[in-house]
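Open your viewer and get ready to click along.

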Amino acid sequence: MSETAIPGFSVVIPAGGSGSRLWPLSRADAPKFLHDLSGNGKSLLRNTYDRLSPMVGTDGVYVVTGEAHLDAVKSELPRLPNTNLLVEPSGKDSAAAIALAVMVAYRKEPSVIVGSFAADHVISDDVKFRMDIAEAVKVARGGTVVTVGIRPTEPSSAFGYVEVADRSLASSGPLVVSRFVEKPDYESARNYIAQGNFFWNAGMFVAEAKVILDTLELNSPGLVDGISRVCDALEKSDGETARLVWDTLPRVAIDYVLAEPAAAAGKMSMVVANFDWDDVGDFAALAKVRQFESQEGVTVVGSNAKVVAIDASGVVVSQSRRVVSLVGVSDIVVVDTPDALLVTTKAHAQDVKKMVEHMKLEGLDGVL
């Protein structure tokens with residue numbers, strides 16, 4: 001371990017999902033976390049691993065991914081021990097994936113504190129991030145579930161929100177979480193910002209493994225027992241039984257069976273992030289993250305991108321050698337790949353997911 005390592009702390013990186021709002025850049029076989037969206041030459045997954053491993057060492061990082069992405073994850077994280085790379089036989093949403101890693105860590109060290117961090121977020125300052133997570137671990141030793149809240153810079157309907165009891169954004173120390181709020185409409189987001197006690201939900205959770213498992217057992221009957229049986233089978237190298245049990249697990253997001261119930265029970269705390277964060281949830285967000293590559297109002301992403309713009313603004317993502325020309329368009333989004341082309345606007349960037357669902361109904365799975 002490094003000198004910044006935190007004793008008794010492990011982390012889980014759920015590496016799943018397809019990032020459908022970033023289609024056609026992000027696909028089922030090449031999801032968002034495998035792309036270099038921050039512009040530093042590394043995938044988001046590798047950046048996440050590099051950010052977390054100094055706090056826990058290579059043995060303290062657990063990555064959960066699907067069978068389809070196993071080889072790619074191994075290639076991205078060559079130092080990750082095989083025993084710490086956990087495979088989902090099928091997608092069950094975040095609760096099952098996180099519970100699997102927490103159970104494995106708990107069986108190794110019952111007193112361990114576990115943090116869950118998405119594989120596909122962009123964070124600007126790793127040093128500040130590690131300082132904030134160290135604070136979250138200290139708070140978690142008191143028996144609560146801890147999240148990290150992001151100070152909102154603007155009203156946004158792209159993020160969920162965390163409401164805290166203290167209305168002062170200048171409050172020091174951990175804050176008591178009142179509730180979690182799903183992605184709101186824009187007007188609701190404006191009201192949240194005006195109230196001063198709402199933060200963006202970055203989906204980061206830190207707690208004692210036993211606290212996580214006990215909370216999950218209370219709120220998702222059968223999940224923890226099923227995960228325990230999956231681990232029993234894996235320890236016996238019985239992959240067939242593990243798969244059969246896994247298929248019976250409920251499909252549910254971690255927010256519904258851990259975060260929201262813990263907040264309702266008064267057992268959720270929050271530390272305020274001192275780092276910049278973005279989940280790069282759509283192409284409008286990607287344009288913000290990659291502003292340093294802007295060319296006269298157009299953010300251009302792609303090593304071979306060729307863009308000519310006159311009186312235009314927006315973002316162009318190109319994986320081809322075609323020249324993309326823009327004339328007299330504002331806040332446009334153009335994503336040019338060898339087999340699919342997307343044209344929309346920043347204002348409709350969140351709706352790309354709807355297009356993906358529509359294309360599924362049209363039988364166009366081959367390009368998804």
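**The whole protein**

Start with everything selected: of the 368 residues of the protein, 52% count as buried, where buried means under 20% relative accessible area, exposed over 50% and partly exposed in between, with a 1.4 Å probe and protein chains only. Keep in mind that this is a predicted model, in which local features need pLDDT of at least 70 and side-chain atom pairs count only at pLDDT 80 or more, while totals for chains, interfaces and linings use all residues. Residues are numbered from 1 along each chain as its sequence is written, and side-chain values use heavy atoms, with hydrogens and water left out.

Now switch to a cartoon view. The protein has 11 helices and 18 strands; these are DSSP runs numbered from the N terminus, with helices being H or I of at least four residues and strands E of at least two.

**Stop 1: Ser 10**

Select strand β1 (residues 9–15), where Ser 10 lies. Is Ser 10 buried or exposed? Ser 10 is buried, with a relative accessible area of 8%. Show what Ser 10 touches, not counting residues up to four places away in sequence: Val 56, Gly 60, Tyr 62, Val 112, Ile 113, Val 114 and Gly 115. Contact here means heavy atoms within 4.5 Å.

**Stop 2: Val 164**

Next, go to strand β7 (residues 161–164) and pick Val 164. Its relative accessibility is 0%, so Val 164 counts as buried. Leaving aside neighbours within four places in sequence, Val 164 is in contact with several residues, including Leu 175, Phe 199 and Met 270. Try the distance tool too: Val 164 and Asn 274 are 110 residues apart in sequence and 17 Å apart in space, C-alpha to C-alpha.

**Stop 3: Asp 336**

Move on to strand β17 (residues 332–336), which holds Asp 336. Asp 336 is buried, with a relative accessible area of 3%. Among the residues that Asp 336 touches, beyond those up to four places away in sequence, are Val 317, Arg 322 and Leu 341.

**Stop 4: helices α7 and α8**

Select α7 (residues 223–235) and α8 (residues 239–246): their axes come within 8 Å and cross at roughly 170°. Axes are lines fitted to C-alpha atoms, for helices over the stretch in contact, and angles run from 0 to 180 degrees between N-to-C directions. The two helices are therefore roughly antiparallel to each other; angles under 35 degrees count as roughly parallel, over 145 as roughly antiparallel, 65 to 115 as roughly perpendicular and the rest as oblique. Show side chains to see the meeting residues, among them Ile 227 and Val 230 in α7 and Val 245 and Trp 246 in α8.
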